[in-house]
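Please examine the sequence and the structure shown here before reading on.

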Amino acid sequence: MKQFLLFLFLGISFTFHTKAQQITLKKGIILDTVPINDSIPDSFALYLPKNFENTGKWPVVFVFDMEGKAVQALRMFQAAAEEQGYILAASNNVYDTLSIPKNIVIANKMFNRVFSLFPIHASRVYTAGYGSGARFASVIPTFIKQIEGVIACGAGIARTEILSIKNRFHFIGIVGREDYNYSEMLAQKKMLNRLKFPNHRLFFDGGHEWPRQNYIAKAMEIFTLSAMAKGNLRRDSLFIAKGFAQDLDSIKASIASNKLVQADDLMARTLSVYRPHLDMDSLMERRRLLKKKKAYRALKRNENNQLFKESLIKEDYGYYLEEDVLTYNFNNLGWWNYQMQELEKFCKSQNRAERQMGKRLRGFVNALIEDNIDIVMADRLVDTEALHFLWMLKTITAPQEYRYYLKIISSYAKNEDFGTALFYLEELLKNGYKDRASLYKLEDTALLKITPEFNRIVAKYLKDARYDVIEE
């Protein structure tokens, strides 16, 4: 299925009149519910930079959050959009629970509405998102050809098998070096290079989290420079010189802190972005000399070794988790506990690459378990034993995620297996859970919570229990 944008331009001030509506739009603030039209209940959040005028042509980034949290998503892009001069829009109605075709239809209605309201530059239309929103943003250019580029935060391209050389787009991935999607981003870079898709990666020190605003601003800056290189935007020498100087400063800082692999990544990106605009001979020579240094080669070799080791461990996790879920292998929970202890050693390593690997693997195994939980829950007949195993495993891999203990306590209390329920109650409290009131409101625990054992454990860790413990 292909959807095509309808490019319409209506003369506007900042009060828009439709057949049955009057919409007042303000600059410099996020508007949470701009309607599509009278007959469609869908809406979108909108941000117009403070310098927006109804003249010329403006770039736009359509941001996606698959939980319908459009305003929150725009807040993460707001400062960058203000700095770089981009319009932002985000649908309130796209969700992970909907099919891709349905979400594409919803997105396309928003696109057409934005194009009908504002003078959008037809060659400067981009999509963006974080996590599942980033993956959806990366699918859209396959169905809507006018998308020039994608900013994907914390996730790679969702459906690489449907990429077409007839419909190339500029992909910018922003990911933490401790994010479990880091290695995927590296692998996709090689694939996109083979397909001759323009692409760049912005790496930051962090895990699976939103990047800071300056990384999003840098992505928008790269799109602007690309538009200048293609002749879609007037060349701005001061803009080019400022961005280039900032990149050189980042390279110097990385070298000064002995982050030589990071410095090489920055050099590669800077060469690619600024080659159409500036003479890059000096920077090319600096990069050549950097790559000849023994220290660089040692660090690069170490990183490659850790990435290879990480790939093997991931294969083990995937294989054993599948086997354990299929066979309800509760006896293997001890093996998983041992694996988490090993990951903790990696996370505390003095070796930076090994430390980053440990944190990526910890994120990977938790994401893998959560994916399996979603799969089990999606079945018409839920496999309760498989679900119990996965919940118990989550208490090992993410002991501070209290909801899994509570699910176990509730489910086992419902089946009157009070021994298991009490064990996980104590484990929950050992790991710092403090919400005493919620414990006594937990569903299916009416009989459990009046037992002396339950109240004795609560009193031990929270200093007080709702029901008295009567000693016989």
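## The second largest pocket

The second largest pocket has a volume of about 980 Å³. A pocket is an open set of points on a 1 Å grid over the protein atoms alone, with protein on both sides within 12 Å along at least five of seven lines, and its lining residues have an atom within 4 Å of a point. Grid points are joined across faces, edges and corners, and the volume is the space filled by probe spheres set on the points. The lining comprises 28 residues, of which Ser 132, Tyr 180, Ala 367, Glu 370 and Asp 371 are the closest to the pocket centre. Two or more lining residues come from each of the elements α3 (132-143) and α11 (352-378). The largest share, 11 residues, is contributed by α11.

By class, this lining contains 9 nonpolar, 8 polar and 11 charged residues. Here Ala, Val, Leu, Ile, Met, Phe, Trp, Tyr, Cys and Pro count as nonpolar, Asp, Glu, Lys and Arg as charged, and the others, Gly among them, as polar.

## Basis of the model and overall fold

The model is predicted: local features need pLDDT of at least 70 and side-chain atom pairs count only at pLDDT 80 or more, whereas totals for chains, interfaces and linings use all residues. Residues are numbered from 1 along each chain as its sequence is written, and side-chain values use heavy atoms, with hydrogens and water left out.

The protein chain contains 16 helices and 10 strands. These elements are DSSP runs numbered from the N terminus, with helices (H or I) of at least four residues and strands (E) of at least two. Along its principal axes, the C-alpha trace spans about 85 × 70 × 40 Å. Of the 472 residues in the chain, 50% are buried; buried denotes a relative accessible area under 20%, exposed over 50%, and partly exposed in between, with a 1.4 Å probe and protein chains only.

Among contacts in the chain with a separation of 6 or more, 64% join residues 24 or more positions apart, a contact being heavy atoms within 4.5 Å. The chain exposes about 22900 Å², of which carbon and sulfur atoms supply 52%. Accessible areas come from the Shrake-Rupley method with a 1.4 Å probe; for residues, only the protein chains shown count as cover.

## The enclosed cavity

A search of the whole structure finds 1 cavity of 30 Å³ or more. A cavity is a set of grid points where a 1.4 Å probe fits but cannot get out. The largest cavity has a volume of about 40 Å³. Its lining consists of Ser 123, Tyr 126, Glu 148, His 170, Phe 223, Ser 226, Ala 227, Lys 230 and Asn 232. The elements β7 (120-130) and α5 (213-229) each give two or more residues to this lining, and α5 gives the most, with 3 residues. By class, the cavity lining has 3 nonpolar, 4 polar and 2 charged residues.

## Aromatic pairs

Rings of Phe, Tyr and Trp (its six-membered ring) pair if their centres lie within 6.5 Å; planes under 30 degrees apart count as stacked, over 60 as edge-to-face and the rest as tilted. By this rule, the count is 22 aromatic pairs. Tyr 402 and Tyr 433 form an edge-to-face pair, at 5.3 Å centre to centre and 75 degrees between the planes. This pair links parts of the chain 31 residues apart: Tyr 402 lies in the loop between α12 (384-397) and α13 (403-414), and Tyr 433 in the loop between α14 (418-430) and α15 (436-441). Tyr 402 is partly exposed, with a relative accessible area of 22%, whereas Tyr 433 is buried at 9%.

Tyr 440 and Phe 454 form another edge-to-face pair, at 5.5 Å centre to centre and 75 degrees between the planes. Tyr 440 belongs to helix α15 and Phe 454 to helix α16 (residues 452-462), 14 residues apart. Tyr 440 is buried, with a relative accessible area of 2%, and Phe 454 is buried, with a value of 2%. Elsewhere, ring pairs link Tyr 317, Tyr 319, Tyr 320, Trp 335 and Trp 336 into a cluster.

## Positive phi angles

Most residues other than glycine have a negative phi. Lys 196 has a positive phi near 60 degrees. Lys 196 is found in the loop between α4 (182-194) and β10 (199-204) and is exposed, with a relative accessible area of 62%.

Tyr 328 also has a positive phi, of about 50 degrees, although it is not a glycine. Tyr 328 lies in the loop between α9 (294-327) and α10 (333-347) and is partly exposed, with a relative accessible area of 33%.
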